[in-house]
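I opened my notebook to look up the pockets and the ligand site. Here is the structure I had on screen.

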Amino acid sequence: MMLQANGITAYHGRIRALHQVSLSVHPGEMVSIIGANGAGKSTLLGVLAGLYKPAQGEILLGKDRIEHLPAHQVVRKGISLVPEGRQVFTSLSVRENLILGMYHKYKREKHTVESKLEAMLEMFPGLKKHYKSAAGNMSGGEQQMLAIARGLMADPKIILLDEPSMGLAPFIVKEILVILQRIRDDLGTMVILVEQNVKAALKVADRVYVMDRGTFVLEGKPSDLLYDPMVQKTYLGTV
Ligand code: ATP
């Protein structure tokens, strides 16, 4: 099952944030979207997650059209968003935050909830220490791990991450990249990674889209983009 967006145009009020954007993600793939502030990356994730309705275009998950569905139904279809700034509930415990990630799906299945929680603690052992205490006591990196784990609780087919490395120390960014690769390789979940940290994105993604003022201006494999003069000049500062 693949995710495909065709010709997406979207507005915030009178501002056109996306214009004719098309993207595809294949099973087993991690795709990254890079671009300057305000290019439209978060808006695109919001459209894919059902938070914003596109003015034009269609989104297909497998054979199902989903662009008209509200966000809570999009989650049920198998698309999880890990939003910018983590949006962890700081006064709730780690356990409670995790349960919120799948409450809609399994609220009548206690044993499913418990086995998912166990799986998440295995994948994110750093969360054990704060499991029953307020998530706000954790470091930024740990809160980002929690946000990712919460996104995985619903067993998504595809997980969308909005700048997970933002504000974090390089060694934690490395840990996050390893986790994203495990999500793709071990869980078989498709990944869309929006990143300002272009070097990080090029390191782990299978394919990269470059967004500028609401449209994709370039798409390719990291190995090709690394040598693209525009990418080098604008995003890597190497020319
Ligand atoms: P950033 O990295 O800063 O989040 P981005 O690439 O994710 O940037 P978006 O946040 O999608 O870009 O913004 C795209 C455009 O839409 C920008 O011009 C922005 O000012 C505008 N915009 C975004 N959200 C809203 C909103 N809720 N209301 C009005 N305009 C918005």
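**Entry 1, the largest pocket.** I sorted the lining of the largest pocket by class and got 12 nonpolar residues, six polar and one charged. I kept in mind that this is a predicted model. Next I looked up the volume, and the largest pocket holds about 440 Å³ of space. The lining has 19 residues, and V75, S80, L81, L100 and G101 are the closest to the pocket's centre. The largest share belongs to β6, which brings four residues.

I went on to the second largest pocket, and its volume came out at about 240 Å³. Which helix gives the most to the lining here? I found that helix α5 (residues 110-123) does, with six residues. I wrote down the lining of this pocket: S115, K116, A119, M120, E122, M123, L152, D155, P156, R182, L187 and T189. Sorted by class, the lining of the second largest pocket has six nonpolar, two polar and four charged residues.

**Entry 3, the shell around the ligand.** Now for the ligand. I counted 14 residues around the ligand, and those that come nearest are G38, G40, K41, S42 and T43. I checked which elements each supply at least two residues of this shell, and they are β2 (15-25) and α1 (41-48). With three residues, α1 has the largest share of the shell. By class, I noted four nonpolar, seven polar and three charged residues around the ligand.

I looked up side-chain distances next. What lies 3.4 Å from a nitrogen atom of the ligand? My answer is a polar side-chain atom of H12. For E163, I found an N or O atom of the side chain 3.1 Å from an oxygen atom of the ligand. Q196 also went on my list, with a polar side-chain atom 3.1 Å from an oxygen atom of the ligand. Last, I asked how much of the ligand the protein covers. On its own the ligand has 630 Å² of accessible area, and the protein covers 62% of that.

Conventions. Residues numbered from 1 in each chain as written. Predicted model: local features only at pLDDT ≥ 70, side-chain atom pairs only at ≥ 80, totals over all residues. Heavy atoms only, no water. Near = heavy atom within 4 Å. Polar contact = N/O pair within 3.5 Å; in protein donor to acceptor, adjacent residues only side chain to side chain. Areas by Shrake-Rupley, 256 points an atom, 1.4 Å probe, with all protein chains shown as cover. Nonpolar A, V, L, I, M, F, W, Y, C, P; charged D, E, K, R; others polar. 1 Å grid on protein atoms, 1.4 Å probe; cavity = no way out; pocket = protein on both sides within 12 Å on 5 of 7 lines; lining within 4 Å. Points joined across faces, edges and corners; volume = space filled by probe spheres on them.
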